[in-house]
Amino acid sequence: MPRTVISTDKAPAAIGTYSQAIKVGDTVYLSGQIPLDPKSMELVEGFEAQAVQVFENLKAVAEAAGGSLKDIVKLNIFLTDLGNFATVNEVMSRYCQQPYPARAAIGVAALPKSAQVEMDAVLVID
């Protein structure tokens, strides 16, 4: 199957050797998004604001692929402080409805640009 590179200026430009997303058939693989404002390319401040920005970035890339956050089948969340687990759940509930995607929440030592949260996702678009 051919691969299609997905890109949008409504999400931060890649800061490394990766694409914002790759679509293969009905499946879209979204690269990790950190809480960069796509206009300034600066991190937003505060954990809740960072979680919101990550979901906004994922949403923008999903829409550029022809889908939405409703199409997420697998979400990975990386947190530098697992004490923020309840907050990320609350923010996620604003963006995702039941049935929720499969998910992992993983504590990590550090993230790019000193972000507090990063997420990547897999979408299946019907």
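Colleague: What makes S4 and S6 count as paired?

Modeller: In this predicted model, S4 and S6 are joined by seven bridges in the antiparallel sense. Two strands pair if at least two bridges are found between them, so the pair qualifies. One of the bridges sets Lys74 against Val122 in S6.

Colleague: How do you know that S3 and S6 pair, and in which sense?

Modeller: Five bridges join S3 to S6, residues 117-124, and the two strands run antiparallel. The requirement is at least two bridges, so S3 and S6 are a pair as well. Thr27 stands opposite Val124 in S6, and Val28 has Leu123 in S6 as its bridge partner.

Colleague: And what makes S2 and S3 a pair?

Modeller: S2, residues 21-24, and S3, residues 27-33, share four bridges in the antiparallel sense. With at least two needed, these strands therefore pair too. Ile22 is bridged to Tyr29 in S3. The hairpin of S2 and S3 has two residues between the strands, and Gly25 there takes a positive phi near 65 degrees.

Colleague: Moving to the helices, which residues of H2 are buried?

Modeller: In H2, residues 85-95, the buried residues are Val88, Val91, Met92 and Tyr95.

Colleague: Why are they said to be on the same side of H2?

Modeller: They cover an arc of only 105 degrees around the axis, which puts them on the same side of H2. The elements that cover these buried residues include H1 (47-64), S4 (72-79), S5 (102-107) and S6.

Colleague: Why is Gln53 called buried?

Modeller: Its relative accessibility is 15%. Buried means under 20%, so Gln53 falls into that class. Gln53 is found in H1, and it touches Pro35, Leu36, Asp37, Pro38 and Val44, leaving aside residues up to four places away in sequence.

Colleague: Is Met41 buried, exposed or partly exposed, and how do you know that?

Modeller: Met41 has a relative accessible area of 26%. Buried needs a value under 20% and exposed one over 50%, so Met41 is partly exposed. Met41 is placed in the loop between S3 and H1.

Colleague: What makes the phi of Met41 worth a remark?

Modeller: Phi of Met41 is positive, about 60 degrees, although Met41 is not a glycine. Most residues other than glycine have a negative phi.

Colleague: Why is Ser114 called exposed?

Modeller: Ser114 has a relative accessible area of 62%.

Colleague: What is the omega of the peptide bond from Gln98 to Pro99?

Modeller: Omega is near -5 degrees, and this peptide bond is cis. Most peptide bonds are trans. Pro99 lies in the loop between H2 and S5.

Colleague: Let's finish with the largest pocket. What is its volume, and which residues lie nearest its centre?

Modeller: The volume of the largest pocket is about 150 Å³. The lining has 13 residues, and Ile15, Tyr18, Gly32, Gln33 and Ile34 are those nearest the centre. S3 gives the largest share of the lining, three residues.

Colleague: How do the lining residues divide into nonpolar, polar and charged?

Modeller: Eight are nonpolar, four polar and one charged.

Conventions: Residues are numbered from 1 along each chain as its sequence is written. This is a predicted model: local features need pLDDT of at least 70, side-chain atom pairs count only at pLDDT 80 or more; totals for chains, interfaces and linings use all residues. Side-chain values use heavy atoms; hydrogens and water are left out. Buried means under 20% relative accessible area, exposed over 50%, partly exposed in between (1.4 Å probe, protein chains only). The arc is that of the directions from the helix axis to the C-beta atoms. Contact means heavy atoms within 4.5 Å. On a 1 Å grid over the protein atoms alone, a cavity is a set of points where a 1.4 Å probe fits but cannot get out, and a pocket is an open set with protein on both sides within 12 Å along at least five of seven lines; lining residues have an atom within 4 Å of a point. Grid points are joined across faces, edges and corners, and a volume is the space filled by probe spheres set on the points. Ala, Val, Leu, Ile, Met, Phe, Trp, Tyr, Cys and Pro count as nonpolar, Asp, Glu, Lys and Arg as charged, and the others, Gly among them, as polar.
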